[in-house]
Amino acid sequence: MSPAELKRLNVAHLQKVLDRTVDLPERDRLERLIGEEHIKPDCAYPIDSSPRR
């Protein structure tokens with residue numbers, strides 16, 4: 001999985017949680033996290049190439 005795909009999945013997950021959240025402080029926190037994900041460089045998502053067991 002590429003770093004761009006990982007970023008997209010993180011944002012999609014945070015957006016799903018945000019869509020189900022009614023608590024205003026939690027919504028604000030999630031919106032900030034989504035914004036931070038959008039500005040992170042792809043190199044912030046290291047690729048683990050070790051074999052899975």
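This is a predicted model: local features need pLDDT of at least 70, side-chain atom pairs count only at pLDDT 80 or more; totals for chains, interfaces and linings use all residues.
## Surface and overall make-up

Residues are numbered from 1 along each chain as its sequence is written, and side-chain values use heavy atoms, with hydrogens and water left out.

The protein has two helices and zero strands; these elements are DSSP runs (H or I, at least four residues, for helices; E, at least two, for strands), numbered from the N terminus. Of its 53 residues, 17% count as buried. For a residue, buried means under 20% relative accessible area, exposed means over 50%, and partly exposed lies in between (1.4 Å probe, protein chains only). Among contacts between residues at least 6 apart in sequence, 56% join residues at least 24 apart, where a contact means heavy atoms within 4.5 Å.

## Helix α1

Let's start with α1. This helix has 18 residues and reaches 26 Å from its first C-alpha to its last, close to the 26 Å expected at 1.5 Å a residue. The expected span is 1.5 Å times one less than the number of residues in the helix. The buried residues of α1 are K7, V11, L14 and L18. They cover an arc of only 65° around the axis, which puts them on the same side of α1; the arc is that of the directions from the helix axis to the C-beta atoms. These buried residues pack against α2. On the face of α1 turned away from its buried side you will find the exposed residues R8, K16, D19 and R20.

## Helix α2

The 16 residues of α2 should span 22 Å at 1.5 Å a residue, and its end C-alpha atoms are 23 Å apart, which agrees. The buried residues of α2 are L30, I34 and E37. Seen down the axis of α2, its buried residues fall within an arc of 60°, so they line one face of the helix. They pack against α1. The face of α2 turned away from its buried side carries the exposed residues L24, P25, R32 and I39.

## The nonpolar core

Which residues make up the largest nonpolar core? Its five residues are V11, L14, L18, L30 and I34. The elements that give two or more residues to this core are α1 (3–20) and α2 (24–39), and α1 provides the largest share, three residues. A nonpolar core here is a set of buried Ala, Val, Leu, Ile, Met, Phe, Trp, Tyr and Cys residues joined through side-chain atoms within 4.5 Å.

In soluble globular proteins, nonpolar side chains tend to be buried together.

## The loop between the helices

T21 sits in the loop between α1 and α2, and counts as buried at 15% relative accessibility. A polar atom of the T21 side chain lies 2.6 Å from the backbone oxygen of V17. Leaving aside neighbours within four places in sequence, T21 is in contact with E26, R27 and L30.

Is K7 buried or exposed? With a relative accessible area of 15%, K7 is buried, and its place is in helix α1. Not counting residues up to four places away in sequence, K7 touches E37, H38, K40, P41, D42 and Y45.

The C-alpha atoms of K40 and K7 are separated by 8.4 Å, although the two residues are 33 residues apart along the chain. With residues up to four places away left out, K40 touches K7 and Y45. A polar contact of 2.9 Å joins the side chains of K40 and E37; such a contact is a pair of N or O atoms within 3.5 Å, and within protein one must be able to donate a hydrogen and the other to accept it, with residues adjacent in sequence counting only if both atoms are side-chain atoms. C43 also belongs to the segment after α2, and is exposed, with a relative accessible area of 69%. The C-alpha atoms of C43 and A4, 39 residues apart along the chain, are separated by 9.2 Å.
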